[in-house]
Amino acid sequence: MTTRDESVARPPTTLLRVREGMFSGSGDTSGYGGFEQTFAMPGPTERPYGEWFDGVVDVLRELLGDDADSAIEAVIVDRGELTLVIHRDFIETVCRHLRDDQDLRFELSLGVSGVHYPADAGRELHAVYHLRSVTHNRRIRLEVAVADADPHIPTTTAVYPANNWHERETYDFFGIIFDDHPSLARIEMPDDWKGHPQRKDYPLGGVPVEYKGATIPSPDTRRQY
Amino acid sequence: MAARATGAIHEDETVPEFTASGGDWSEIAAEAARLSGQRMVVNMGPQHPSTHGVLRIMLEIEGETVTEARAGVGYLHTGIEKNMEWRTWVQGPAFCTRMDYLASMFQEAGFCLATEKLLGITDDIPERANVLRVLVMELNRISSHLVAVGTGGNELGATTIMTTSFLAREYVLKVIEAITGLRMNNAYIRPGGVAQDAPEGIVDMLVDLDDKLQGKMAELADLQLKNPIFLGRTQGIAHLDLAGCMALGITGPMLRAAGLPYDVRKTDPYCGYETYDFQVPVAEGADAYTRTVLRMEEVYESMKIIRQCATRLAENPGPVMVADKKIAWPAQLALGSDGMGNSLDHIKEIMGTSMEALIHHFKLVTEGFKVPPGQVWQTVEAPRGELGVHVVSGGGTKPWRAHFRDPSFNNLQALSILCEGGQVADVVVAVASIDPVLGGVDR
């Protein structure tokens with residue numbers, strides 16, 4: 001089990017990146033080298049959330065009782081989709097409530113994946129869970145953010161056995177450790193592989209390719225916009 | 001032995017190893033039993049014709065009974081998701097189409113629908129583009145199901161089932177080639193619409209295809225559905241009930257064969273599926289036989305949708321790409337002398353009349369368009385189940401992250417529960433009834 005720390009409990013507006021200049025990669029000759037732009041993910045939403053979202057959040061808060069404020073770090077409604085940012089200590093409890101309560105009934109888990117936000121200090125690694133309620137025809141996304149220095153999240157395989165391989169894949173690609181997973185081994189990469197390839201600091205690799213006399217640089221060395 | 005990807009199936013280093021590559025199984029089993037007792041671990045694959053690509057199965061057997069089965073995947077991992085983070089939104093479909101290579105249109109559609117949701121242009125997609133998307137997806141569903149049924153039969157030793165379904169698939173691929181220019185890995189569905197309009201005479205082609213498929217499907221039904229060997233090999237085999245399916249997140253024909261009519265085309269319609277008249281076949285058997293029958297039923301439903309698409313294509317000549325020039329690539333293409341599709345009007349405009357249009361085209365193609373930050377989840381009903389696409393945009397011209405929840409990847413988790421307690425010979429039937437495509441599993 002993991003302990004809570006202050007850096008993980010910051011209000012979650014995920015910082016994506018700060019771009020300097022007009023583009024990166026090769027030399028910026030545009031004259032806008034000092035130009036700086038910040039990109040962030042959509043932040044928390046205020047009530048009312050709309051559609052059926054308020055009802056689901058209310059039921060979940062009621063079931064969580066006193067833990068509701070510490071468990072649900074934020075509610076984000078963006079592009080018609082409901083995202084609950086959950087503290088890692090409560091992810092299994094939240095999943096259990098979402099699966100079992102008759103008003104929630106998210107009985108089908110569509111897996112776990114990861115996203116790496118290296119600029120988001122203290123919350124670099126996000127595990128994203130997509131749940132489906134066949135009963136109520138609803139979809140919900142849970143997001144758990146952890147620090148790169150302490151990448152532990154309790155497993156949800158006891159609630160959703162389907163997440164077994166998905167958590168292994170997320171561990172394999174991002175290095176998020178799902179505590180108490182029945183067999184948290186690599187799944188796509190070889191067992192003795194070093195590093196976690198879907199992280200942003202893991203190089204893509206590739207070599208320049210020559211075609212009809214011209215050389216095309218590898219994708220990760222091309223100019224980025 | 002080194003640690004294995006799915007955890008140790010046998011830790012005991014003293015267990016002797018055998019390499020068997022053919023020969024009489026009973027002799028091999030007797031020899032192994034003489035040396036190591038009844039408990040035996042057999043490795044199937046990754047290079048085995050009946051594992052649908054490169055799937056490795058580790059079986060622990062006692063006599064002919066499987067006591068433990070583990071799947072080892074990852075042999076086909078090519079880092080497509082990572083690559084997509086380095087390509088523009090328009091280049092994305094050319095990468096994700098190669099994941100589940102038998103159902104390429106569905107990855108393309110899922111990714112493009114997700115991109116459009118991020119851009120907020122879902123409602124701006126022209127009607128004809130949506131009809132073409134539905135058309136190629138349903139054609140693709142038929143060709144994918146035909147491979148599932150055909151290889152499934154072949155693995156039981158019924159080569160005629162395979163040759164018949166592959167012939168039928170060939171008719172479908174001819175039409176897909178006529179529309180997209182390629183048989184597989186099409187990169188046809190693009191953000192904003194489709195890459196090019198359907199050729200002239202597409203309606204006649206579809207009518208002709210319908211005739212041919214009716215015949216071939218009847219032939220396949222005759223070969224399989226009352227065949228006593230086929231029934232004996234598949235009925236009651238690889239059983240997984242509804243509760244098991246829900247716990248393991250199984251979707252698609254496997255779930256519907258267990259009695260739940262769950263189909264994303266009906267529950268969350270996309271590309272205008274709500275306007276088509278079709279049924280979701282559902283059955284109760286939950287075994288390999290039911291899944292085969294269900295796939296054949298789905299082929300008939302897809303043919304029904306294709307007939308409706310043909311009518312709509314004949315009625316609606318409209319554009320096939322969104323009107324917004326900040327996103328749209330030219331999509332009304334003609335075949336050039338080099339075999340490539342080109343829009344002569346567009347070339348005339350950018351090369352002959354407007355410098356600004358040339359600059360715009362150059363920037364659109366080399367830089368790509370920007371997508372506002374955020375994340376979306378889009379699912380489509382692929383032949384193997386619910387394909388989920390999780391796309392995160394960092395506000396740039398490339399996805400921050402593109403994750404594909406491939407139905408094969410998830411469904412393959414059911415392998416253990418389908419095989420354990422059954423016969424060794426039924427492992428192959430169980431795998432065939434899951435219908436995994438390892439390109440999609442490993443991505």
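How many bridges join β1(B) to strand β2 of chain B? Six, and the two strands run antiparallel. This is a predicted model.

- Three strands of chain B form an open sheet, in the order β1-β2-β3.
- The pairing in this sheet is antiparallel.
- β1 (39-44) and β3 (65-72) of chain B are the edge strands, each pairing on one side only.
- From one strand to the next, the twist averages 20 degrees.
- Strand β2 of chain B spans residues 56-62.
- B:R39 has its bridge partner in β2(B), namely B:E62.

**The helix pair**

- Two packed helices are described by the angle between their axes and the distance between the axes.
- Helix α13 of chain B covers residues 344-353, and helix α14 of chain B covers residues 355-366.
- They pack at an angle of about 120 degrees, and their axes lie 6 Å apart.
- Angles of 65 to 115 degrees count as roughly perpendicular and those over 145 as roughly antiparallel, so at about 120 degrees α13(B) is oblique to α14(B).
- The crossing in which α13(B) passes α14(B) is left-handed.

**The helix contact**

- α13(B) contributes B:E349, B:I350 and B:M351.
- These residues meet B:A357, B:L358 and B:H361 in α14(B).
- By class, the contact of α13(B) with α14(B) has four nonpolar residues, one polar and one charged.
- Which residue is the charged one? B:E349 in α13(B), because Glu counts as charged.

Terms used
Residues numbered from 1 in each chain as written. Chains lettered and ligands numbered in written order. Predicted model: local features only at pLDDT ≥ 70, side-chain atom pairs only at ≥ 80, totals over all residues. Pairing = 2+ DSSP bridges. Helix = DSSP H or I, 4+ residues; strand = E, 2+ residues; numbered from the N terminus. Axes fitted to C-alpha atoms, helices over the stretch in contact; angles between N-to-C directions. Parallel < 35°, antiparallel > 145°, perpendicular 65-115°, else oblique. Left-handed = near helix turned anticlockwise from the far one by under 90°. Contact = placed C-beta atoms within 7 Å.
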